[in-house]
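Me: I have a new structure to look at and would like to learn how to read it. Could you walk me through it one feature at a time?
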Amino acid sequence: MTASYLRAALGESINVTVIESKRIKTIGVGEATFSTVRHFFDYLGLSENDWMPKCNATYKLGIRFENWRAKGHYFYHPFERLRVVDGFPLTEWWLNKKPSDRFDQDVFLMSEICDNMRSPRYLDGTLFEQDFVERGGSLDLERSTLAEQATQFPYAYQFDASLLADFLTEYATARGARHIEDDVVEVVRDERGWISHLKTREHGELAGDLFIDCTGFAGLLLNKTLGEPFVSYQNTLPNDSAVALRVPHDAEHTRLRPCTTATAQEAGWIWTIPLFERIGTGYVYASDYTTPEEAERTLRAFVGPQAADVEANHIRMRIGRSRQSWVNNCVAIGLSSGFVEPLESTGIFFIQQGIEELVKHFPDAKWDPKLRDSYNRTVANAMDGVREFLVLHYRTAARNDNAYWRDAKTRELPDGLAARLEAWQSKLPTEETIFPHYHGFEPYSYHAMLLGLGGFEAKPAPVLAYMDDSRAAQEIQRLKDQARDIAKRLPSQYEYLAQMH
């Protein structure tokens with residue numbers, strides 16, 4: 001991703017070399033994304049037809065949370081901003097009267113579309129009717145970045161991360177990036193402590209000006225060579241392990257739901273990501289509460305007979321971030337920079353944000369330290385903000401049936417979250433009261449989780465008791481009617497993707 005983006009952004013003005021080991025495998029389970037990932041593909045000049053079929057990609061309209069409140073209960077956290085009536089979002093009006101027990105069906109279009117397994121696009125390629133209108137009615141969104149997320153795009157993607165890596169390798173090398181398959185045996189520093197060159201097993205010494213550490217949890221350049229300390233989030237987010245399966249399926253006869261599903265378990269949660277030719281699934285858990293063997297048994301039982309002959313991939317996760325992601329002439333991107341567990345699909349979002357910010361802070365020969373400091377603040381703020389949002393999931397989940405879920409209610413909170421939670425009991429989150437720095441999540445996401453998880457006492461604004469709620473009731477009914485109508489007319493996700501293939 002980094003090499004492709006740098007070639008697209010900076011062209012022939014710089015040389016880009018990727019050194020990749022044949023022996024060290026990628027983790028390869030980063031399969032679900034944010035809706036903002038569209039900016040990445042657009043910046044590279046890629047349409048969905050260019051890359052989706054080659055990467056087994058499917059659409060993701062949000063996340064379906066199952067069993068976080070109680071077994072059998074589910075709700076959606078979609079990519080959809082809330083409608084506003086008389087100055088208040090529909091969630092406030094819903095709290096005031098509670099027309100049903102399904103807030104997500106009453107205030108979001110996406111719930112009905114996901115329940116009915118629909119594609120977000122009609123067979124002619126047009127987007128379903130909602131607030132977001134594509135520029136010119138085409139896929140061309142112009143070269144933009146996360147900062148230009150002025151409107152909420154209604155979906156993200158799910159894809160085979162290994163296939164996307166192969167696709168981007170071809171993209172980057174076709175545009176002049178050099179790809180070397182070799183092992184780095186030594187990282188050499190100059191008298192200032194900056195990295196001067198790498199010694200490789202087969203290609204000798206490779207020098208450079210800027211070194212980008214994409215070595216994952218190993219942190220070979222930033223942490224091991226430059227000694228940059230790692231700031232752990234383990235005290236607030238205990239899930240430190242995962243076991244993953246790649247389960248084959250027949251897309252035509254499988255329920256190809258256009259979302260990621262997160263199903264709460266005894267010591268964590270299981271992700272289910274339907275791709276076009278297989279299902280990616282994995283159990284994210286805390287090793288203090290279960291063993292790898294028990295976690296694998298739980299996952300296989302959850303998947304059923306299809307998992308019988310599938311090899312399991314066990315992963316130990318480093319939860320937290322490097323204190324600084326840019327040190328001297330080394331910038332860490334991806335897991336070497338930081339990771340805040342897979343819930344809410346933020347891993348690839350962090351990669352994208354790191355790359356975009358690197359381009360915006362790209363140095364010249366003077367290496368202005370203010371650029372580095374600004375970069376580090378921006379990246380750290382995003383990770384700290386996502387950490388807080390994820391802690392919110394466990395803290396406010398009503399599930400309370402064992403030590404893991406009970407401990408989640410008493411565990412230490414990140415600085416500032418306790419005060420925010422207290423404030424939100426009187427008034428649902430706004431742009432002014434959520435985590436104050438950019439971290440990819442807007443107030444509607446907080447509303448979805450606080451109302452869906454069931455362990456938080458949310459109250460409507462008192463003033464609504466004095467206001468006429470007829471327009472809000474009409475809007476809720478109009479939304480539900482619109483959702484049912486759209487769900488009837490849209491093709492299934494399989495139909496649309498089969499046509500694309």
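Predicted model: local features only at pLDDT ≥ 70, side-chain atom pairs only at ≥ 80, totals over all residues.

Me: How many of the residues of helix 4 are buried, and which are they?

Reply: The general idea first: an α-helix has 3.6 residues a turn, so residues three or four places apart point the same way. Here, helix 4 (residues 90-97) is mostly covered, with six of its eight residues buried. The buried ones in helix 4 are Leu90, Thr91, Glu92, Trp93, Trp94 and Leu95.

Me: What follows helix 4?

Reply: Lys98 comes after helix 4, and its phi is positive, near 45 degrees. The background for reading such a value is that most residues other than glycine have a negative phi.

Me: Now the aromatic rings. How many aromatic pairs does the whole structure have?

Reply: The general idea is that a pair of aromatic rings is described by the distance of the centres and the angle of the planes. A search of the whole structure gives 38 aromatic pairs. One of them joins Phe88 and Trp93, with 6.2 Å from centre to centre and 85 degrees between the planes, an edge-to-face pair. Phe88 and Trp93 are both buried.

Me: Why is the pair of Trp94 and Phe103 edge-to-face?

Reply: The centres of the Trp94 and Phe103 rings are 6.1 Å apart and the planes meet at 70 degrees; planes over 60 degrees apart count as edge-to-face, so this pair does too. Trp94 and Phe103 are both buried as well.

Me: Which rings are linked into a cluster by ring pairs?

Reply: The cluster linked by ring pairs includes Tyr5, Phe40, Phe41, Tyr43, Trp51, Tyr59, Phe153, Tyr155, Tyr157, Phe159 and Tyr496.

Me: Which residues have the most contacts inside the largest nonpolar core?

Reply: Trp51 and Trp68 do, in a core of 143 residues. Helix 11 (residues 369-395) gives the largest share of this core, 10 residues. A second, separate core has 10 residues, among them Leu221, Leu226, Cys330 and Ala332.

Me: What does Trp68 touch, leaving out residues up to four places away in sequence?

Reply: The partners of Trp68 include Ala262, Thr263, Ala264, Trp269, Leu343, His393, Tyr394, Arg399, Trp405 and Leu453.

Me: Which residue does UniProt list for "binding site"?

Reply: An unreviewed UniProt entry lists Lys60 under that name. In the model, Lys60 lies in strand 2 (residues 58-60). Its relative accessibility is 0%, so Lys60 counts as buried. Beyond residues up to four places away in sequence, Lys60 touches Ala32, Thr33, Phe79, Tyr155, Tyr157, Pro258, Cys259 and Ser345, among others.

Me: Is Ser445 buried or exposed?

Reply: With 2% relative accessibility, under the 20% cut-off, Ser445 counts as buried. Ser445 is part of helix 14 (residues 443-453). Its contacts, apart from neighbours within four places in sequence, are His77 and Phe389.

Me: Let me step back to the whole chain. How many helices and strands are there?

Reply: The chain has 16 helices and 22 strands. Its radius of gyration is 23 Å, close to the 23 Å from the globule rule for 501 residues, so the chain is as compact as a globular protein of that length. Along the principal axes, the C-alpha atoms fill a box of roughly 70 × 50 × 50 Å.

Me: What share of the residues counts as buried, and what does the chain expose?

Reply: Of the 501 residues, 56% count as buried. The chain exposes about 21,200 Å², and carbon and sulfur atoms supply 49% of that.

How values were computed:
Residues numbered from 1 in each chain as written. Heavy atoms only, no water. UniProt positions renumbered as here; feature names shortened; annotations may be inferred. Helix = DSSP H or I, 4+ residues; strand = E, 2+ residues; numbered from the N terminus. Buried < 20%, exposed > 50% of the residue type's maximum accessible area, 1.4 Å probe, protein only. Contact = heavy atoms within 4.5 Å. Core = buried A, V, L, I, M, F, W, Y, C linked by side-chain atoms within 4.5 Å. Rg over C-alpha atoms; globule rule 2.2 N^0.38 Å. Areas by Shrake-Rupley, 256 points an atom, 1.4 Å probe, with all protein chains shown as cover. Phe/Tyr/Trp six-rings, centres within 6.5 Å; stacked < 30°, edge-to-face > 60°.
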